[in-house]
Amino acid sequence: MYNYENSPEPDLIRRARRGDVKAFARLYSRIYKDLYRFALYMTRHPQEAEDAVSETVISAYENISALKKEDSFRSWIFTILNNQCRKSLTKGGREIAASERMNPYIREDEGYEPDYAGQQDVRRAFAELDEEERMIVAFSVFGGYRSEEIARMLGKNAATVRSRKSRALGKMRVSLGGAE
Amino acid sequence: MDDRKNRKTDHESEDISRLRGMTEDIQIPPTLEPKAVEKMLTEKHKEQRRRYYRRYIKAAAAACICLAAGATAAVWYGNSRTHTDSTAETADAEQGQRNVSGQERIVRAENYDEIYGYIQAAERAWKKEARLNGSARESSSVSDAATGRSPSGMDTGVVAEQNSSAYAGTTMGAAGDYSDTNVREDGVREADIVKIDGEILYIVNGRAVEIVGIKTEEMQELSHIEVDEDSYIEELYVQDDRLVLLYTKSEYDDGTGGHDGYFREYTYTDTYDVSDPSDPEKLGSISQSGSYDTMRAREGYIYVVSDFRADTAAPRGSIDDYIPQVQGDVLKASDIYMPQREMGSQYTVISAFSLDDPKERTDSKAVFGTSGICYVSTENIYITEEYYDESGSDVTQTSVRKIAYEDGMFKGAAQTKVDGTLNDSFSIDEYKGYLRLVTTVSSVRSGSGGWFADFFENTEIQESEGSNSLYVLDEELNVTGEIHDLAPDESVYSARFMGDVGYFVTFKQVDPLFSVDLSDPSDPKVTGKLKIPGFSEYLHPYGDGKLLGIGMAVDEKGITTEGVKVSMFDVSDPADVTEEEKYVLEDMYGTDVGYDYKAVFVDTEKNLFGFLAYGDTAKYIIFTYDESAGFREVFSRELNFYGNVRGLYAGERFYLVSGNSVESFDLETFEKVDDIVL
């Protein structure tokens, strides 16, 4: 049996391109948490985030032949996800009840105490950013991208992205308070 | 750079990791867990296959008509199952003069109309495929991802192509006592993100190049060059007081051509005089259509390769949208080489100039079709394309077009097709006029069981890897020798041709390292087959009779990878190769060496090699090798950095460059000397 668990990415991509669902799922499993967090902070709504990620997965699976072997699966799928999130944001800014907003799923491990307060704070901090700033910060935090890479994805120049990022992080720093 | 900026950057990366930490606990909806997603996709897959089957019956009649009309590539599954000779194409019959006794001469475009016809054929094929795939491709986000263009102006294709210049390479003996980029071919130099000469480090840092003095222990930022807005520096190259910057620039087309506006990309090559490194002076600039792919330097000339995507929706009159430009001039039809099938949508654009006169190009050509692996020997540029759906072949194929180059001029030489596809540029190699290729041959619909499987609604996914072939071609690209059916059900993971001997690694459960005797081009022979667990992703000649392999360790059953593995093979007798030593980095799960040979630092004379490995953290590790003591880690450093890292040396110091920071170490003791953040 083929070992999906520890296979290198190019090999999994090669398999996924041939329609191997397991290989695709393995690629996905390496990044799905970041995908969801990205979508959650971009769309600010768990259901929208869930839909965006699930649409993204289907698009990516159906179009994986467009991904060249040597290309990074991660940046490719993040770009698709970003498009999905923007689509859901422009869909008409559906009204969301306050209670429904940002109530992420509760982790149920025993003896585990998630940092709910922290999540709420981050949510509040994100809420103070405009859409583009949110995108830039979300790409940096959840995608692990550098400003130059974000600039390329957004078709902007890197200096602009760098300064917007710096301003956005500045705002968030204020709203999160200086210390941990 | 100044302290203020350093502090700011530090601050920001702190912010980012803090935000990451605070959101780590967010629970993921159960429907998005990998298991659930796998199940959902499996269901979808089955459903799609049923749809194929239903559509097949309806489409079969139409498909036959398409075949007769010559738009064969448009037929998704109506392939004729007869395998024909790789050079016998229906198109050639009509182009009698172009086909010279079996082997093919490379074909120039007659005119732009001919090209336009090919682009429309590609567009038709694509639309047809999209229809057969269901409506999904038509939804905007999906087609954005597939075509690399989106109405919002985000060019996803750019992202997908960021790493497309990833081949693999040979060590260059350093001129002077400093290291050079690990290159694919001895004697052909290449650009990279970091370059060093004895006294200066040149580092790509986003839209800027940082020029750092390393004469003394304390590093010093001497100057920096910034490129225009909307530009992204890809690589740089340094030779004889000349600094060459290679960058991609996006220019917005507002859509006056009667279609939606979009970003058009150009590759710029700017040359600077850096005889005074604190005051670089720009000497000239060359522009060409498309995003930057790769660059070569030989005998004082620079050769720049870019990928240009034609706008397949362009009206016939908008020539600029589908014919590439160099220095603002649309290329002449006679400078465009046509693909070996009657469709195309991308160009590999190549242009050349002399370092003595970097204002003027000496020549430029475009190779039309789709873009694929590019390999450059000391005399020829080989542009390959992968064919997955060619009529007349039931297996994957590779088209090879050979363009000779010398002193900044190009000349189309020959073309051919072979069965199978290349793993990377190490799978294609020229030696003494002969071209050797090792390919993995897969059946065209492998993995989905062929159309008749749909007919029976057989949803079992067949895992068919096909097999591997080796070809030796002469200067005209006629086959002189070939071997087929090597390592059935396995595929090539790495290859290295070393003169008269070729080595390649295939993998499924164990790692057979094949040795092939190529001394008689008409009779290549497999002489050795070493089976060991795991596989190598990168092979590098390491001094006399030694071959270094970097890859993964896998347990005996081929089930679990056990970490990154380095192996030293004794190849003094190619017929009896042995694994002399191995070393496993148990907590590491991968490296970049398989995709990007430039990421490998190798100096066989200094007996050092290094690369970045990933585990829970990223680690740059340098090894030395001794026949009796085996591998020894002489340096290891954890990095909090995603992305490209380079290790280089000059004089007595080793430099580790990650992003905008540089650390220097003593090359003997590897004790830290200095650091600088740019």
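Two residues are in contact if their C-beta atoms, placed from the backbone, lie within 7 Å of each other. The views below show a predicted model, in which local features need pLDDT of at least 70, side-chain atom pairs count only at pLDDT 80 or more, and totals for chains, interfaces and linings use all residues. Residues are numbered from 1 along each chain as its sequence is written, while chains are lettered from A and ligands numbered from 1 in the order in which they are written.

**View 1. Chain A overall.** Chain A has nine helices and zero strands; helices (H or I, at least four residues) and strands (E, at least two) are DSSP runs, numbered from the N terminus. Among contacts in chain A between residues at least 6 apart in sequence, 62% join residues at least 24 apart.

**View 2. Helix α1 of chain A.** Eight of the nine residues of this helix (residues 9-17) are buried, so the helix is largely enclosed by the rest of the structure. The buried residues include L12(A), I13(A) and A16(A), and also E9(A), D11(A), R14(A) and R15(A). Just after α1(A), G19(A) takes a positive phi of about 95°.

**View 3. F24(A) and the largest nonpolar core.** Such a core is a set of buried Ala, Val, Leu, Ile, Met, Phe, Trp, Tyr and Cys residues joined through C-beta atoms within 7 Å. Of the 209 residues in the largest one, F24(A), A39(A), L81(A) and L236(B) touch the most other members. Domain 1 (7-110) and domain 2 (115-180) of chain A each supply at least three residues to this core; the bounds come from an automatic or database domain assignment. Leaving aside neighbours within four places in sequence, F24(A) is in contact with A16(A), Y61(A), I64(A) and L41(B).

**View 4. An open sheet in chain B.** Four strands lie in the order β23-β24-β25-β26, with antiparallel pairing; two strands pair if DSSP finds at least two bridges between them. β23 (428-431) and β26 (479-486) stand at the edges, each with a single partner strand, so one side of each is left without a neighbour in the sheet. Five bridges join β25 (residues 467-473) to β26(B), and V472(B) has G481(B) as its bridge partner.

**View 5. Surroundings of V505(B).** V505(B) is found in strand β28 (residues 501-507) of chain B and counts as buried, with 27 C-beta neighbours inside 10 Å. Not counting residues up to four places away in sequence, V505(B) touches Y493(B), S494(B), D511(B), L513(B), F535(B) and S536(B). K531(B) is 26 residues from V505(B) in sequence and 9.7 Å away in space, C-alpha to C-alpha.

Terms used. Buried ≥ 20, exposed ≤ 12 C-beta atoms within 10 Å, placed from the backbone.
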